[in-house]
Amino acid sequence: MLNTAIIGGTGIYNPDALEERRDILQETQYGAVAITVGSYKGMELAFIPRHGAKHSVPPHLVNYRANILALYQLGVRNILATAAVGSLNYEFKPGHFVLVDQFLDFTKSRPSSFYEGGEQGVVHCDMTVPYCPSLRSALMEAAASLNYQVSNGGVYVCTEGPRFETAAEISVFKLLGGDVVGMTSVPEVCLARELGICYATVATITNFAAGISPNILTHSEVYEVMKNNTAAVRQLLLESTLLISAQETRCDCARILEEVKVKL
Ligand code: HPA
């Protein structure tokens with residue numbers, strides 16, 4: 001049964017770890033989505049590279065609604081996502097993994113809800129705990145068994161991009177309590193929550209953020225650090241998918257649907 005998906009961010013494009021792979025094109029009202037479905041140790045998984053297989057889609061133009069709805073239509077109720085992030089926190093150094101537990105939203109121009117009034121209705125979705133605690137504990141358990149150092153908790157500041165931030169922006173984000181900065185978690189996490197899907201993100205620190213790093217920021221630096229950590233991130237995600245179904249559900253993610261009658 002397919003109920004878990006991986007959304008790969010920067011540096012995570014390759015579904016080769018999955019066996020018996022097949023590529024499908026899932027139609028949604030927001031557009032068609034190319035998805036690879038396969039299995040890992042008998043567990044059926046779906047995979048979407050967020051930026052496209054060749055990293056051709058920038059963060060502000062990702063079709064987040066199509067991706068999340070397509071997975072929902074296939075039966076997916078758990079999503080593990082990856083993200084490359086800059087660090088605002090000296091304890092989170094390049095190469096370190098963080099399971100973020102909160103976000104601050106500084107995006108500007110992205111469709112960020114399935115519910116746009118009219119037939120779809122007006123929905124104010126609870127976002128108290130956006131990243132699923134049950135999925136995070138599966139990830140922590142997998143990290144312990146693999147002997148990986150992973151920090152459980154951190155505030156993800158989501159910027160619009162595609163430019164990096166100014167030093168002044170980063171100072172403000174730090175004052176506000178941000179730990180890491182990236183360009184993709186919002187609205188992805190919000191859309192998953194609107195459909196009652198459990199969602200967690202493994203953030204890989206690729207650099208210190210603007211003004212904290214002594215250097216200018218480059219995408220190749222981000223990409224290089226991700227490349228060095230791809231195998232570890234992939235292993236962490238795959239092993240934790242095996243623990244998800246075994247986890248007793250201690251989250252409220254699916255309760256969102258008690259109020260929101262999905263008509264999508
Ligand atoms: N800022 C925004 N997004 C990022 C960064 C950053 O410093 N590093 C990786 N993704």
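Visitor: How far is a nitrogen atom of the ligand from a polar backbone atom of Gly 86?
Guide: In this predicted model, the distance between a nitrogen atom of the ligand and a polar backbone atom of Gly 86 is 3.2 Å.

Visitor: And from a polar backbone atom of Ala 84?
Guide: For Ala 84, a polar backbone atom is 3.2 Å from a nitrogen atom of the ligand.

Visitor: What about a polar side-chain atom of Glu 165, how far is that from a nitrogen atom of the ligand?
Guide: The Glu 165 side chain places a polar atom 2.8 Å from a ligand nitrogen atom.

Visitor: How much of the ligand's accessible area does the protein cover?
Guide: On its own the ligand has 260 Å² of accessible area, and the protein covers 95% of this.

Visitor: Which pocket is taken by the ligand?
Guide: The ligand takes the space of the largest pocket.

Visitor: Which residues are around the ligand?
Guide: The residues around the ligand include Ala 84, Val 85 and Gly 86, then Phe 164 and Glu 165, then Val 181, Gly 182 and Met 183. Thr 206, Asn 207, Leu 217 and Val 222 are also among them.

Visitor: Which strands each supply at least two residues of that shell?
Guide: Three strands are to be named here: E5 (78–87), E10 (180–182) and E11 (198–208).

Visitor: Which one gives the most?
Guide: Strand E5 does, with three residues in the shell around the ligand.

Visitor: Staying with E5, is Thr 82 buried or exposed?
Guide: Thr 82, which has its place in strand E5, is buried, with a relative accessible area of 1%.

Visitor: What does the side chain of Thr 82 reach?
Guide: The Thr 82 side chain reaches the backbone nitrogen of Gly 9, at 2.7 Å.

Visitor: Changing topic, how many disulfides are there in the whole structure?
Guide: Zero disulfides are found in a search of the whole structure. Cys 132, for instance, is in no disulfide, and the nearest cysteine sulfur, that of Cys 198, is 3.8 Å away.

Visitor: Are Cys 132 and Cys 251 buried or exposed?
Guide: Cys 132 counts as buried because its relative accessibility is 0%. Cys 251 also counts as buried, at 14% relative accessibility.

Visitor: Now helix H4, how many of its residues are buried?
Guide: Helix H4 (residues 185–194) is mostly covered, and ten of its ten residues are buried. Among them are Ser 185, Pro 187, Glu 188, Cys 190 and Arg 193.

Visitor: What follows H4?
Guide: Gly 196 follows H4, and its phi is positive, near 75°.

Visitor: How far is Arg 193 from Arg 255?
Guide: Their C-alpha atoms are separated by 9.7 Å, although Arg 193 and Arg 255 are 62 residues apart along the chain.

Visitor: Where is Arg 255, and is it buried or exposed?
Guide: Arg 255 is in the loop between helix H5 (219–244) and helix H6 (256–259). With 51% relative accessibility, Arg 255 counts as exposed.

Visitor: Last one, where does Leu 74 lie?
Guide: Leu 74 lies in the loop between helix H1 (64–73) and E5. Leu 74 is partly exposed, with a relative accessible area of 24%. Computed along the sequence, Leu 74 and Val 129 are 55 residues apart, and their C-alpha atoms are 25 Å apart in space.

Key
Residues are numbered from 1 along each chain as its sequence is written. This is a predicted model: local features need pLDDT of at least 70, side-chain atom pairs count only at pLDDT 80 or more; totals for chains, interfaces and linings use all residues. Side-chain values use heavy atoms; hydrogens and water are left out. A disulfide is a pair of cysteine sulfur atoms within 2.5 Å. Buried means under 20% relative accessible area, exposed over 50%, partly exposed in between (1.4 Å probe, protein chains only). A residue is near a molecule or strand if one of its heavy atoms lies within 4 Å of it. A polar contact is a pair of N or O atoms within 3.5 Å; within protein, one must be able to donate a hydrogen and the other to accept it, and residues adjacent in sequence count only if both atoms are side-chain atoms. Accessible areas come from the Shrake-Rupley method with a 1.4 Å probe; for residues, only the protein chains shown count as cover. On a 1 Å grid over the protein atoms alone, a cavity is a set of points where a 1.4 Å probe fits but cannot get out, and a pocket is an open set with protein on both sides within 12 Å along at least five of seven lines; lining residues have an atom within 4 Å of a point. A molecule sits in a cavity or pocket if more than half of its atoms lie within 2 Å of its grid points. Helices (H or I, at least four residues) and strands (E, at least two) are DSSP runs, numbered from the N terminus.
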